[in-house]
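Here's a quick briefing on a protein model, sorted by topic. Have a look at the fold first, then read on.

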Amino acid sequence: MWVTSRPVIPVRTASGKPSAQALAEMDKRWRVRYLMLAPHRLGFFLAMVVLVASGLWWALVQLDRSTAWLGLHYAVSPTLVHSAVMAFGFIPLFFSGFLFTAGPKWLGVEPLPVQALRVPLVSQAAGWLLWLAGAHLHAGVAWAGLALACAGLVWMTVQFWGRIRRSQAQDQLHARAIGTACVVGCASLAGLWLSLVFDAHAAARAWIFTGLWGFVVVVYVTVAHRMIPFFTSSAMPMVQAWRPFWVLWLMLAAAALQVLAAWLELAGVPARAAGTIWLLVHGTLQLIVGGVLVWLAWVWGLVQSLKNKLLAMLHIGFLWLGVAFLLGGLSQWLSVTLGIGVLALGALHALTMGCLASLMLAMVTRVSCGHSGRALVADRIAWSLFWCLQAAALLRIAAAVPGIAGLPWPWLLPLAAGLWAATMGAWGLRLGRWYGCLRADGRPG
């Protein structure tokens, strides 16, 4: 009697890569448990949830403001809700995916297991969704959400400092700068919560700006200083990696200057007799920093990067940082000379939508491609979404100019919000699917 046996399918080829047969039999479905395969999967997925939800919410708010079709009730100022979730909501969750993936490599320590990150990350995401719901339901719900998000951020910060303390690496400057910024972020979020409880809205605004500049921007410029020259020289050997530390200190000092400006504004300094001098000094410093950053974008290979779309997205995003400082400085000078703050909101959105969102889209796309077994390229979809984001940023900046957003173009602000929501929604849905599926190349992680 003949016994036939099923042929054995080789799992790995000689090079160590999964065989074609193994790839063909791989599970292609989206599963929640796959989010726990790597730190970036869980952090990035939760960030996408908050990002898409907040973008859709803000678009609906702008629609209601323009048409009154929805008749929305507000228990908390929607502008304050929007500012807080844009500064503290999804961005720290994106940070988590990066810090607990690349951070241990920087520090030469073992990475944390994903299970250790589940509670602090889920707490942040749930807290921000409650924050959005509480904006309409009840202020108490919003405060509870903010407290939950703050607790999650504190827990995440403690975990990152735990990696730093275990490190024996000689170069810890970037990691420690980021760790310090996370502490500032925790203090800012706690200060925001206390300000809301005690109905101190001016202080709440100052805490949001403290978190934006002292936490979010500091993390961004620190990572940019370390990674953009490295990525550029790796993709384009003709461009030398140049990242002197004075550049990092300049960017950190510029962020500190903006934090100082927020608290001086709270103290009423610009409205006093000496306020004119401060506005001129502040505006001049911003113009100087903006000029240096635009020059730095050029030196780091802005023009050369245009040959590589994924790299170009990083460089264009960094260029926006210099543009934001230039607009901010120009706004201060126009405020003193003409008595109108023409570009203040424009400068803010050049920073948030232009710089931070562009770098977010570029860096998260890059990490997601590399860690999902896909080519490190910006395909047509990613490139199109990036330019939709640029259009949304330009529309929002135009809407911030007095007289532009009124007649005959009252639709600029809701159009910018709608384009932002659509762009982030498409990007979030696309990458969100990747995080719940196995790697396309069959490798672990």
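Val 119 is partly exposed, because its relative accessible area is 41%, and the label covers values between buried (under 20%) and exposed (over 50%), using a 1.4 Å probe and protein chains only. Keep in mind that this is a predicted model: local features need pLDDT of at least 70, side-chain atom pairs count only at pLDDT 80 or more, and totals for chains, interfaces and linings use all residues. Residues are numbered from 1 along each chain as its sequence is written, and side-chain values use heavy atoms, leaving out hydrogens and water.

**Around Val 119**
- Val 119 sits in helix α5, which covers residues 114–134; helices here are DSSP runs of H or I with at least four residues, strands are E runs of at least two, and both are numbered from the N terminus.
- Gly 152 is 33 residues apart from Val 119 along the chain, with 7.4 Å separating their C-alpha atoms.

**Overall build**
- The protein has 15 helices and 0 strands.
- Along the principal axes, the C-alpha atoms fill a box of roughly 100 × 55 × 45 Å.
- Take contacts (heavy atoms within 4.5 Å) between residues at least 6 apart in sequence: 76% of them join residues at least 24 apart.

**Inside**
- Buried residues make up 53% of the 445.
- The largest nonpolar core has 132 residues, and those touching the most other members include Phe 90, Trp 131 and Trp 427; such a core is a set of buried Ala, Val, Leu, Ile, Met, Phe, Trp, Tyr and Cys residues joined through side-chain atoms within 4.5 Å.
- Helix α8 (residues 201–235) gives the most to this core, at 16 residues.
- Leaving aside residues up to four places away in sequence, Trp 427 touches Met 48, Phe 94 and Leu 385, among others.

**On the surface**
- A nonpolar patch of about 630 Å² accessible area is formed by Trp 242, Trp 246, Trp 295, Trp 298, Val 299 and Val 303; nonpolar patches join Val, Leu, Ile, Met, Phe, Trp and Tyr side chains within 5 Å, from residues with over 30% relative accessible area and no salt bridge (a Lys or Arg side-chain nitrogen within 4 Å of an Asp or Glu carboxyl oxygen).
- Helix α10 (residues 275–299) supplies the largest share of that patch, 3 residues.
- Trp 295 lies in helix α10 and is partly exposed, at 41% relative accessible area.

Terms used: Patch = residues over 30% accessible without salt bridge, like charges linked within 9 Å, V, L, I, M, F, W, Y side chains within 5 Å. Areas by Shrake-Rupley, 256 points an atom, 1.4 Å probe, with all protein chains shown as cover.
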